[in-house]
Amino acid sequence: MKIKSVLLGAVAATALAPAAFAERGSDGHVNVIYWQAPSILNPYLSSGTKDIESSSLVIEPLGRYDPTGALVPYLAEEIPTVENGGVSEDLTSITWKLKPGLKWSDGSPVTSADVKFTADYCMHPEGGCAQLAKFEGISSIDLIDDLTVKVNFSEPKPNPYGAFMGGQSPILQKAQFENCMGAKAPECTDANFGPIGTGPFAVTEFRPNDVISMVANPNYRDPAKPAFATLTFKGGGDATAAGRSVLETGEFDYAWNLQLAPDVIAKMEEAGKGKTVAAFGSLVERIEMNMTDPSPSLPEGERSTAKHPHPALSELAVRKALSMAIDRELLVEIGYGKAGRATCNLVPAPAMYASDNTDCMTQDIEGAKALLEEAGWKVGAGGIREKDGVKLSLLYQTSTNAVRQDFQALIKQWWSEIGVETELRNISGSVFFGGDPGSPDTFQKFYADVEMYANNFDGTDPEAYLAQHTCEKAPKPESQWQGENINRFCDPEYDKLVAELGKTGILSERGAIAKKLNEMLTKDSYVVVPLVDRGRVSAHSNTLGGVVLNTWDSELWNAADWYRIK
Amino acid sequence: MLTFTVRRLVLAVPTLLFISLVIFLLLELAPGDPMAQVPLTVPPEVKEKMREALGLGQPVHIRFLKWLVQFFWIEPQILIDNIFGTGLAEGKLRVLSWQTRSPVMDIVVQRMPQTLWVVGMSYIIGVLIALPIGIYSAYKQYSIFDQVGTFVSMVGFSVPTFFTGVLLIVIFSVNLGWFPSIYDTTHKVTDWSSFVFQLRQMAMPVFVLALYNAAQISRFMRASMLDNLNQDYVRTARAKGLGEKAVVLVHVLRNSMIPVVTVIALGAPQVFGGAIITEQVFKVNGLGQLLIGAIEANDLPMVQTLTFIFALLIVLFNIIADVLYGILDPRIRYD
Amino acid sequence: MTEAPEKVIPAAGGATPAGALADPIPVAPPRSQWRAVWQQFKTHRGALLGGIIFLVIVLAVFIGPLVWPYDATYIDIRARNQGPSFAHPLGTDQLGRDTLARMMAGGQTSVAVGITAMLLALFLGSLVGVVAGYFKRLDGPLMRLTDLFLALPLLPLLLVMVLLFRDALNQAFGPETGIFILIVCAIGVTSWMPTARIVRGDVLALKEREFVLAARSIGTRNTMMILRHVLPNVLSPIMVSATLGIANAIITESALSFLGLGFPPDFPTWGRLLFDATDYLQQYPERVFWPGVAISLTVLSVNYLGDGLRDALDPRIRGR
């Protein structure tokens with residue numbers, strides 16, 4: 001990481017310090033509501049956002065991402081880089097140094113043994129660790145001294161900030177989790193529900209899927225923080241109710257991720273009890289085109305596999321016309337308001353990796369019609385285009401969600417204008433995103449022509465995310481339909497470029513390759529049709545100060561700096 | 001009657017075992033995956049490892065037997081341990097939730113207070129309102145009281161709770177600010193003011209549910225009373241000079257209670273099942289919310305345990321209803 | 001207690017003055033009985049009004065879309081979130097679709113699903129209830145089956161039904177009819193149990209009454225006994241179940257569509273309109289008002305129809 005961004009991070013951190021004059025615990029109580037309730041406070045056993053974010057108040061990683069996506073040291077003295085010698089020249093090891101004098105909330109010192117233990121805990125073969133991907137490629141961990149730990153990789157790792165970085169992989173206390181390794185992990189209920197941490201708060205009571213009560217950590221490294229003596233973290237309900245409790249009734253101080261229609265939020269804000277904040281990350285709502293034939297007339301096991309290319313969608317002109325018919329600006333206006341931006345990119349941020357591709361921004365119904373006409377798709381019975389006996393009739397599926405159903409209705413109408421017939425289907429999220437190979441309705445199985453959902457990547461590096469579209473990652477019956485290449489896109493050029501990205505360490509070159517990969521999926525082939533770069537909208541009450549929304553890490557990343565505006 | 005009760009209780013055991021098997025197979029067959037809520041950023045290989053750690057790799061019959069042993073053998077031991085302070089179940093594996101990795105029964109126990117306060121109370125209030133309304137509406141059929149009662153109860157039943165709940169919140173929490181819109185499950189009643197707070201936070205969910213329950217039960221009460229009020233025995237009772245009160249509240253009521261007892265017994269297990277939508281709307285986070293959350297997350301051990309406890313109550317309350325039939329109408333014989 | 005013979009006397013009229021008690025089942029011309037029922041029904045103002053309102057609703061939702069110019073799924077994005085106007089008497093929704101057109105299209109589905117699913121549940125429930133209550137040997141197994149169905153968790157059950165039957169039904173009946181059958185069956189199969197328990201309880205008590213004994217002593221067969229003597233006497237709880245069942249079916253249908261089991265997402269139904277509008281309760285209260293009123297009116301009118309029908313079929317009331 002560049003020195004400049006580290007500096008920026010440091011500046012950001014000091015700029016957020018107005019609460020520092022306050023004494024710890026002087027501002028009383030703060031209420032936080034998440035409409036998804038946390039079930040466990042150990043992010044290594046559950047990777048649900050609700051669990052990671054609630055635990056981020058208690059346990060901390062060595063470094064976090066700040067709102068700009070830059071790396072900021074937390075428990076570490078500084079972020080190791082090649083420049084400062086923390087990362088070896090050959091990219092095969094990274095050396096972390098802990099801040100001296102750090103204490104766990106129970107008063108015992110934080111040592112490098114805790115860091116090594118955390119890796120051992122997650123990498124245990126029977127543990128079923130949810131963050132295993134973060135520890136991929138680690139061959140061994142050496143304890144240099146009480147405060148220094150060296151992580152060795154089996155091969156050069158251009159992005160060594162997987163483990164111990166960000167809300168997903170915080171440091172656990174060895175003493176507490178020592179007897180919870182591997183298969184025993186679920187038996188340690190007390191530890192999983194109340195981890196001892198270094199964060200600003202410590203758990204007093206955890207009610208799974210309901211509410212967490214916390215107090216200020218008496219051993220937090222900044223003696224003036226946190227400003228709040230106690231914190232209640234309530235979970236459950238729905239986004240509307242969460243927004244209402246902050247913006248309209250003022251019962252709560254902070255509400256997470258208000259996925260609501262823009263006019264609903266605007267009306268709530270009129271009550272004057274609080275305001276919303278928005279920030280953008282890498283989450284992109286997109287339409288995925290199925291390159292294979294999902295027709296139910298094919299025998300089971302051959303539907304949606306590479307054996308049968310899609311009769312219509314395997315043609316570039318069709319995919320491009322479908323994309324051209326969509327008015328993305330209008331979709332944003334209807335569905336997301338200030339929490340969305342129209343986009344043509346799969347990787348919308350950080351700037352270093354984002355392509356400047358904007359060719360999809362203007363809707364062009366006439367152009368789409370001409371394109372189809374030219375490709376030989378003629379208007380047939382009922383205004384539906386057809387070619388060689390194949391009708392342009394698509395099944396369009398997505399998960400159940402009010403905004404997605406509005407999008408479906410709008411897009412169906414635009415497509416009907418260019419002569420494409422659309423059948424809509426919505427599926428309960430727990431089935432759609434569940435990988436049950438027995439269900440015909442999962443997004444991996446893709447028994448439909450097009451489908452819509454949103455995806456993003458962890459941290460700021462899109463390598464793993466772009467690598468999802470290589471040929472061998474296509475879901476197929478032999479692999480129990482597990483696989484991330486949802487559209488079964490297969491281009492040897494693409495695979496080659498992905499392999500090259502894996503070997504490139506220089507940041508500017510990585511950026512160029514990532515942009516190229518992004519364009520190969522979007523404007524060159526229209527296999528993925530990005531619609532909206534989805535930001536996050538959260539709300540805080542007018543009396544809660546210090547809130548800085550962060551989409552690259554846990555939203556509660558700076559809860560230590562929160563204070564009461566009097 | 002006693003032999004009947006005993007026989008039914010004994011017969012309930014194989015019934016329940018069969019029901020638990022059917023529930024298990026149903027959940028097994030239903031599409032879904034405990035990894036559905038894991039973000040898409042987690043690669044499939046890691047998800048597969050997580051599934052294995054949950055024990056999903058084992059064959060179905062092994063998992064069912066495991067659950068049976070854990071639920072019927074180990075959990076009762078835990079109960080005994082908790083009551084008598086013994087250590088029978090130490091080190092034994094309990095029924096663990098996949099979401100929280102903690103014992104299911106602990107969470108169930110944790111959820112009981114708010115469910116009983118809100119759902120239980122609303123059921124009792126609903127029944128207590130419904131019976132007099134039903135009786136009086138039937139007695140004065142087509143009076144103004146009856147017409148208003150019919151109107152209110154039909155509207156109360158046909159407008160779903162997801163709407164009435166939100167409407168109440170908008171009126172009483174947002175505009176008037178009388179009641180909290182979010183239920184505080186950690187609240188403990190210790191003195192008068194905390195009791196008042198408890199009443200305030202219960203007011204809206206209890207009202208919504210009580211209206212719904214009362215609407216249903218009062219309709220059955222009214223219909224059944226109407227059936228009986230015109231019977232010959234009522235004429236006979238009046239003819240022999242019995243007071244109107246005695247005729248209606250003793251003779252007619254007793255004979256009209258059979259369908260009402262059935263409806264009440266059908267609804268009672270639902271108290272335990274919680275009120276899924278109302279709990280969601282008011283954030284009561286009771287057993288209903290626990291069940292729906294577990295279903296959405298495909299937390300099979302949790303769903304299995306909750307629905308089984310529910311089945312247990314259904315069977316139990318049906319036996320109670322059957323016994324009550326015999327008491328209400330001695331002509332009903334089961335042997 | 002001799003209500004069954006009494007029941008047929010008015011129908012028989014003076015045709016068989018003395019033979020009424022001697023003849024087990026007086027063969028009366030059925031028309032005259034139904035005419036008497038109709039006479040009684042007509043005098044029931046509530047029932048008549050309920051019937052008229054119900055007819056109006058049915059006509060509006062089935063004929064209305066034929067004359068109304070807007071299509072329920074047509075999006076006019078410039079006209080979104082409009083209040084009532086001449087062009088859109090009930091306003092438009094967040095995508096500019098005409099609310100009146102959506103109410104009518106939604107009503108078609110909701111009324112059709114509500115009535116059919118209710119009838120199915122009622123049929124299953126009454127059948128199981130009467131058979132269980134009447135035949136002692138079947139009581140145990142049938143009631144345990146009811147317990148089982150009551151205990152099964154609804155959501156997974158519905159998901160399994162989709163998994164097993166959706167594609168088969170779609171292929172056999174085409175997508176729309178297939179989904180309609182699936183929804184009606186799903187609701188019917190999961191909501192017959194209360195009716196069965198209630199009917200059985202009543203039948204248990206009924207079959208020990210004197211008139212049943214009397215009828216049996218004169219050799220009435222079981223089928224006839226059930227149809228003539230038992231069923232008419234459990235009609236009132238069945239009627240209540242019917243009204244409650246319609247409301248239940250309309251709401252359940254909207255819940256199903258969230259599972260992906262229901263109609264396609266652009267297919268409006270009253271339940272879904274109500275659910276979607278709940279978020280907009282504060283900005284556009286009229287959007288929740290219309291579907292709420294439509295559901296309530298339907299249920300109320302069916303309730304009064306049921307009341308009138310019950311009164312009309314009760315010979316003791318009819319005689320007065």
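Is A:Asn257 buried or exposed, and how many other C-beta atoms lie within 10 Å?

1. A:Asn257 is buried, as 20 other C-beta atoms lie within 10 Å. The term buried applies to a residue with 20 or more other C-beta atoms within 10 Å of its own, exposed to one with 12 or fewer, and partly exposed to the range in between, with C-beta atoms placed from the backbone. A:Asn257 is not a glycine, yet has a positive phi of about 45°. This residue belongs to the loop between strand S10 (254-255) and helix H7 (262-269) of chain A. Helices (H or I, at least four residues) and strands (E, at least two) are DSSP runs, numbered from the N terminus.

2. Basis of the note. The model is predicted: local features need pLDDT of at least 70, side-chain atom pairs count only at pLDDT 80 or more, and totals for chains, interfaces and linings use all residues. Residues are numbered from 1 along each chain as its sequence is written, while chains are lettered from A and ligands numbered from 1 in the order in which they are written.

3. Other backbone points in chain A. A:Leu91, likewise not a glycine, shows a positive phi of about 60°. A:Leu91 sits in the loop between strand S3 (71-73) and strand S4 (93-97) of chain A, and counts as partly exposed because it has 17 C-beta neighbours inside 10 Å. Two cis peptide bonds also deserve a check. One joins A:Lys225 and A:Pro226, with omega about -5°; A:Pro226 is in the loop between S8 and strand S9 (230-235) of chain A. Another runs from A:Ala349 to A:Pro350, with omega near -5°, and A:Pro350 falls in the loop between strand S12 (340-342) and helix H10 (365-374) of chain A.

4. Chain A with chain B. In this interface, 48 residues of chain A are in contact with 44 residues of chain B, where contact requires C-beta atoms, placed from the backbone, to lie within 7 Å. On the side of chain A that touches chain B, at least two residues each come from helix H5 (189-193), strand S8 (211-216), helix H6 (239-247) and helix H12 (429-432) of chain A. That side comprises 13 nonpolar, 23 polar and 12 charged residues. Here Ala, Val, Leu, Ile, Met, Phe, Trp, Tyr, Cys and Pro count as nonpolar, Asp, Glu, Lys and Arg as charged, and the others, Gly among them, as polar.

5. Chain B with chain C. Here 48 residues of chain B are in contact with 44 residues of chain C. The contributors of at least two residues each on the chain B side include helix H7 (192-229), helix H9 (244-273) and H12 of chain B. H12(B) gives the largest share, eight residues. By class, the chain B side holds 34 nonpolar, nine polar and five charged residues.

6. Helix H1 of chain B. Helix H1 (residues 2-29) of chain B has 28 residues and spans 40 Å from its first C-alpha to its last, close to the expected 40 Å; the expected span is 1.5 Å times one less than the number of residues. H1(B) has a kink of about 25° at B:Ala12, shortly before the proline B:Pro14, the bend being the angle between axes fitted to the seven residues ending there and the seven starting there. Among the buried residues of H1(B) are B:Arg8, B:Ile19 and B:Phe24. The buried residues of H1(B) pack against helix H3 (60-84) and helix H12 (300-328) of chain B, together with helix H5 (136-151) and helix H6 (154-173) of chain C.

7. H9(B) and helix H8 (residues 193-206) of chain C pack at an angle of about 150°, with axes 9 Å apart. Axes are lines fitted to C-alpha atoms, for helices over the stretch in contact, and angles run from 0 to 180 degrees between N-to-C directions. The contact involves residues including B:Ile258 and B:Leu266 of H9(B), and C:Arg197 and C:Asp202 of H8(C). Its residues divide into seven nonpolar, two polar and two charged.

8. Chain C. This chain has 14 helices and zero strands, and buried residues make up 49% of its 320 residues. C:Asp276 lies in helix H12 (residues 270-278) of chain C and is buried, with 20 other C-beta atoms within 10 Å. C:Asp276 and C:Arg287 are 11 residues apart in sequence and 8.9 Å apart in space, C-alpha to C-alpha.

Technical notes: Two residues are in contact if their C-beta atoms, placed from the backbone, lie within 7 Å.
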